[in-house]
Structure formats: structure tokens, C-alpha cells
Amino acid sequence: MNTKPLVENVFWQKEKECMPKGELRALQLQKLRTLVARVYASVPAYTRAFDDAGVKPDDIKALDDIRRLPFTTKADLRENYPLGYLAIPRSEVVRFHGSSGSTGKPTFVAYSKSDMDNWVNLCARFLYAGGLRPGMTAQVAFGYGLFTGGFGLHQGIERVGAAVLPASSGNTARQLVLLQDLGADFLICTPSYALHLADGIQSGAIDRSSLNLKGMFLGSEPWTEAMRRRMEEGLGIYVENNYGLSEVQGPGISGECAFRNGMHVAEDHFIVECINPETLEPVEEGEEGELVFTTLNKEAFPLIRYRTRDISRLDNAACPCGRTSVRMSRITGRTDDMLIIRGVNVYPSQIEAALLAIQEASPHYMIEVSRPKSMDEVTVHVELKPNSMVDSISELNAIRDRIVAGIAGVTGLHMKVALEQPNTLERFEGKSKRVKDLRNLKD
Ligand code: ADP
Ligand code: ZN
């Protein structure tokens, strides 16, 4: 556990963030009971689901009774498309958003006035904890639109009292000009786009010393500690992780504190469970499992036990920052982006970690899965770093062999590796799509 803060350890809503655990659990139970009664009465999909599960609002007497409640899934949201889970009159909705649809048709969510206020404060919590202060400037390179990332972070920055530079996503050359000419202290985007911009800076396109950049707040897709180190060491900044998903709220569900021991979940707003995705039973604390969220305060779009498909670990041990909330580890994958190769479960993040351990490999890669005969084959396309001085075939072969061995070391699988010229693989402005699965897995 880190015991030294990276930035000054401050709180946005100290009383809520540092509430004694016993008080926090009592608050959660009281809110859960109110929530369950409310959705049972106002959301027909929940009335049906509770009846099918044979549970009535009055059955919820202790926090553990949450396990008697049915789960909600993305499929449920789609079945009740577009707004079947709306729990307030339509006239009280002040904002709509939607998931980015990276896994199919978008799903819509709605916010009341009070939902917006809570959401903005929760974004301010992690921004303030991570070093954003009034008077600073933050450049938001997330897309503005249905996606919750852009507007969520935008409003959080304003709430902190800092200046927002709403660059939105795309146009790398312009992002760099903005960073340079308006001197943002923080950059906010996806990890893959941050890496792309970092490459731009490090390639000498602009002079690092002409920037005022101190840090980045990254989220919205899985990334690794190794990726963080590369950006921090390469640019001399610090890089913070935050997590959210539109169905549950958007950004602000959890974020790192100054000590960076995982991401503190806003437990005064959400109950988080970590379950075994097969048995649906809770895993032991500290073990990997799927995160499941119940929203305690949301008026417009409350969800009961929403299955995120995100794999993480929970830690309730005290954090030196003084916050009492549980911390979640980095997301190591989604149960649905998990690749099963010759029967072995593999996450793209494992392959990424192996690549980042190789000096000459850049973090730009693409995983292609095929099944030429009956056996799965994986080819990992990886770009060499622009400045890696390789001038003989035998050196290239040696690098490739080391990457193959590295990947085998973390995944237990032999994968083919294709070395690519620098700057030849696709770059991503939003969420990256690094897996091409060419197998027909349906028949
Ligand atoms: P979708 O991508 O399903 O359309 P969202 O745009 O709301 O929906 O994205 C939410 C998902 O993004 C999360 O469920 C999680 O998989 C991923 N995500 C968000 N933040 C992080 C993070 N810090 N680390 C890893 N994954 C993240
Ligand atoms: Zn902490």
C-alpha cells in the first residue's frame, strides 16, 4: 500500500468521504430500503423482476439482503428500450445520455436535477483529490455528446472552480496546439488517446518545456500500470485513474486519491458487490470478480444490482488518505472482452503488459484472432518504437522472440508476433478497439 501522497491530500466533501464505516453502512441500508420500495412501486420492470424472484421490499432488513434482489443487465435495459427504467415523470428529466455503444445498440439513461448535482460533485471529488485546483485549467479531450465522459468531467472541473477547455475528441495536431498555447495543467481523455498525444509530444512535434502540463485524468477503458509509468516517466507528469459507466451514472463512481491505492468507490451513493460471474455468489474480499452496482440516490434512473461485466477486486482496508470507502482495483478486463484462446482465458490487458515489458516495443498493438483450421491462432501486431535502432533481420527476430516469450510468460499461450513499422497501426481518439476476432464462434 502506498503511504506517501503524490499531491496534497484534500477532500471535496470530507464528511461524506470520511464517514465512519458503521455510519456509512447504516446510511446505505436506509437508502437501499427506500430505493427498493420506490422502484417496486414505480418501475414495472422491477415490479415484475421482484415478483419473479419472490422478494418484497419489506424483505430487505439488512444490507446482506441485497443478495435476494434480482440482477439488472444490459440485456434488461435493451428489452425495456429506450426508457423503461425511468422512475420519475418524463417532465422531471433534465438530461439524457447514452452508452457509447461499444458493445452494440446504445442504451439511454436519464438524470433529474438532483442526479445532476450529485454526479457533478462526484466528479469534483476525484478531480480535487487528484490535484485539480481553482485557478488551474483542464483540457477535456473526451467526446462531447451522448457519451457521459465529456460532459461529466466538464461539469466536475467547473464545480471545482477550475477553467475548462472543452477541446472534445480528435484532431491531434490541434490538441497539441491548445495544450501549448492555452497551457492546460491537466489533460482529460482515454488512456489510448493520452498515449497517442504523449507520442506526439515525445516525437518532438512540440517542445515539452513549452507545456504547462502537470497531470492527466484517464478513464473509460482498461489500461495498465505499465502504461501509466511510461507516460509519467516520459512526460514528467502524474496520471490518475477514474472509473464509471453510463448506466450507473457516468464518471465519478470511483477515482484515485492522493495515495493511489486503487479507486475509492463513492459508497454514500452506490453499493458495490464483487461476484463470481458464473455462480453469481460474492467472491472473497480481495479476489477478482465482476462488479455489481446499486444506485442509492439516483431519482431518474435507479438501478438495482447492475452487472457491469467489469472484472476488478475490492479492498476495504483503511487507506492513509482517511477516506473510509472501499477501493476497487484497476479493471483487468470485461467478462465480455475476455478472449478464450484454445480454452484459455486471456485479457488484452495481459498481452499489453507483456509488450510494455519489452524495451523496443511501443504500446500500440492489435490482436488478431483467427481459426484457420480447428485451432485458434493469435497474431499480435505490434509497432516498434520510433527510435529503436534495429538494422538487421537477426535483431528483429531476436526482438520478436522476446515478445513471443513474454506473452507466453503471462498468458501461457504461444502467439505469433508481427512487428510493424512505427505509426502504421490505427490510433484511437475514443475507446480503442484492439481485438480483431475473425473466428466464427457461433457454429
Ligand atoms: P459502453 O462502453 O459499454 O458503451 P460506457 O461508455 O459507459 O459504456 O463505458 C463504461 C465502461 O468503460 C465500463 O463498464 C468499463 O468497462 C470501461 N471503463 C470505464 N472507466 C474505466 C477505467 N478507469 N478502467 C478500465 N475500464 C474503464
Ligand atoms: Zn485513499
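Q: Hi! How do strands S18 and S19 pair?
A: Strand S18 (residues 361–370) and strand S19 (residues 377–384) run antiparallel and are joined over seven bridges. Strands here are DSSP runs of E with at least two residues, helices are runs of H or I with at least four, and both are numbered from the N terminus. Two strands count as paired if DSSP finds at least two bridges between them. One example is Ala361, which stands opposite Leu384 in S19.

Q: Before we go on, what kind of model is this?
A: This is a predicted model, where local features need pLDDT of at least 70, side-chain atom pairs count only at pLDDT 80 or more, and totals for chains, interfaces and linings use all residues. Residues are numbered from 1 along each chain as its sequence is written, chains are lettered from A and ligands numbered from 1 in the order in which they are written, and side-chain values use heavy atoms, leaving out hydrogens and water.

Q: Thanks! What is the strand order in the open sheet of four strands?
A: The order is S20-S19-S18-S21, with mixed pairing. Strand S20 (416–420) and strand S21 (435–437) stand at the edges with a single partner strand each, so one side of each has no neighbour in the sheet.

Q: New topic: which residues hold the zinc ion (ligand 2)?
A: Its protein donors are Cys257 (SG), His264 (NE2), Cys319 (SG) and Cys321 (SG), at 2.1 to 2.3 Å. Donors are N, O and S atoms within 2.8 Å of the metal (3.2 Å for Na, K and Ca), and water is not among the atoms, so sites may look incomplete.

Q: And why is the arrangement around the zinc ion (ligand 2) called tetrahedral?
A: Because the four donor atoms subtend angles of 101 to 114 degrees, and four donors count as tetrahedral if all angles lie between 85 and 135 degrees.

Q: What does His264 pair with?
A: His264 in S9 is the bridge partner of Gly255. S8 and S9 pair in the antiparallel sense over three bridges, and they form a hairpin with six residues between them.

Q: How enclosed is strand S8?
A: Seven of the seven residues of S8 (residues 250–256) are buried, so this strand is largely enclosed by the rest of the structure.

Key
Four donors count as tetrahedral if all angles lie between 85 and 135 degrees; four count as square planar and six as octahedral if opposite donors are over 155 degrees apart and all others between 65 and 115; anything else is irregular. Buried means under 20% relative accessible area, exposed over 50%, partly exposed in between (1.4 Å probe, protein chains only).
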